[in-house]
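Work through the exercises below with the sequence and the model open. Each task is followed by a solution in steps.

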Amino acid sequence: FTGNMKEYDRIMKEDWVSDEWGDRRQELVFIGAGIDEAAITKALDDCLMDDEEMEKYLMDLQNYEQRTLTALANGGPSLFDLTGNDHMDLEENK
């Protein structure tokens with residue numbers, strides 16, 4: 001942002017608004033003639049989670065983190081396999 005501190009200040013004010021998530025801004029550039037900007041925008045917007053989906057994601061993430069910490073505190077399972085069975089954990093491999 002050398003020479004463009006106004007843009008830097010705008011980004012910090014508008015885009016870095018969440019202590020939880022920080023800067024998650026993404027920029028895509030489409031180059032071409034006759035591009036349907038509205039269709040591209042709609043297609044990308046359709047990929048976003050709604051509030052209910054985001055709430056479920058956060059709960060799933062919290063549950064995953066808790067299960068992982070509990071499992072690690074109890075000596076396993078390995079983090080390499082979410083099912084707790086990565087072949088290194090099998091009895092015959094010990």
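The exercises cover the fold, the confidence, the salt bridges and the surface patches.

This is a predicted model, in which local features need pLDDT of at least 70 and side-chain atom pairs count only at pLDDT 80 or more, while totals for chains, interfaces and linings use all residues. Residues are numbered from 1 along each chain as its sequence is written, and side-chain values use heavy atoms, with hydrogens and water left out.

**Exercise 1. Describe the secondary structure and the confidence of the protein chain.**

Step 1. Helices (H or I, at least four residues) and strands (E, at least two) are DSSP runs, numbered from the N terminus. The protein chain has three helices and zero strands, in the order α-α-α from the N terminus.

Step 2. Confidence is given per residue as pLDDT, on a scale from 0 to 100. The mean for the protein chain is 78, with 68% of its residues at 70 or more. Helix 2 has the highest mean, 94, and helix 1 the lowest, 82.

Step 3. Where pLDDT is low, the predicted coordinates should not be read in detail.

**Exercise 2. State how much of the protein chain is buried and what its surface consists of.**

Step 1. Residues are sorted by relative accessible area: buried is under 20%, exposed over 50%, and partly exposed in between (1.4 Å probe, protein chains only). Of the 94 residues in the protein chain, 7% are buried.

Step 2. Areas come from the Shrake-Rupley method with a 1.4 Å probe, and for residues only the protein chains shown count as cover. The accessible surface of the protein chain is about 8,700 Å², and carbon and sulfur atoms hold 55% of that.

**Exercise 3. Find the salt bridges and place their partners.**

Step 1. A salt bridge needs a side-chain nitrogen of Lys or Arg within 4 Å of a carboxyl oxygen of Asp or Glu. The count under this rule is three.

Step 2. Arginine 10 pairs with glutamate 7, with the closest N and O atoms 2.9 Å apart. The two lie about one helical turn apart because they are three residues apart in helix 1. Arginine 10 is partly exposed at 29%, and glutamate 7 is partly exposed at 27%.

Step 3. Lysine 56 and aspartate 60 form a salt bridge at 2.7 Å, N to O. These residues are four apart in helix 3, so about one helical turn separates them. Lysine 56 is exposed at 51%, whereas aspartate 60 is partly exposed at 38%.

Step 4. Aspartate 46 and lysine 42 meet in a salt bridge at 2.8 Å, N to O. Aspartate 46 is exposed at 54%, and lysine 42 is exposed at 51%.

**Exercise 4. Identify a charged patch and a nonpolar patch on the surface.**

Step 1. Patch residues have over 30% relative accessible area and no salt bridge; like charges are joined within 9 Å, and nonpolar side chains (Val, Leu, Ile, Met, Phe, Trp, Tyr) within 5 Å. Lys and Arg count as positive, Asp and Glu as negative, and His and the chain ends are left out. Each charge is placed at NZ of Lys, CZ of Arg, CG of Asp or CD of Glu.

Step 2. The negative patch consists of Asp50, Asp51, Glu52, Glu53 and Glu55. Glutamate 52 belongs to helix 3 (residues 51-73) and is exposed, at 66%.

Step 3. Leu28, Phe30, Ile35 and Leu44 make up a nonpolar patch with about 380 Å² of accessible area together. Isoleucine 35 sits in the loop between helix 1 (5-14) and helix 2 (37-45) and is partly exposed, at 36%.

How values were computed
pLDDT is the predictor's confidence in each residue, from 0 to 100.
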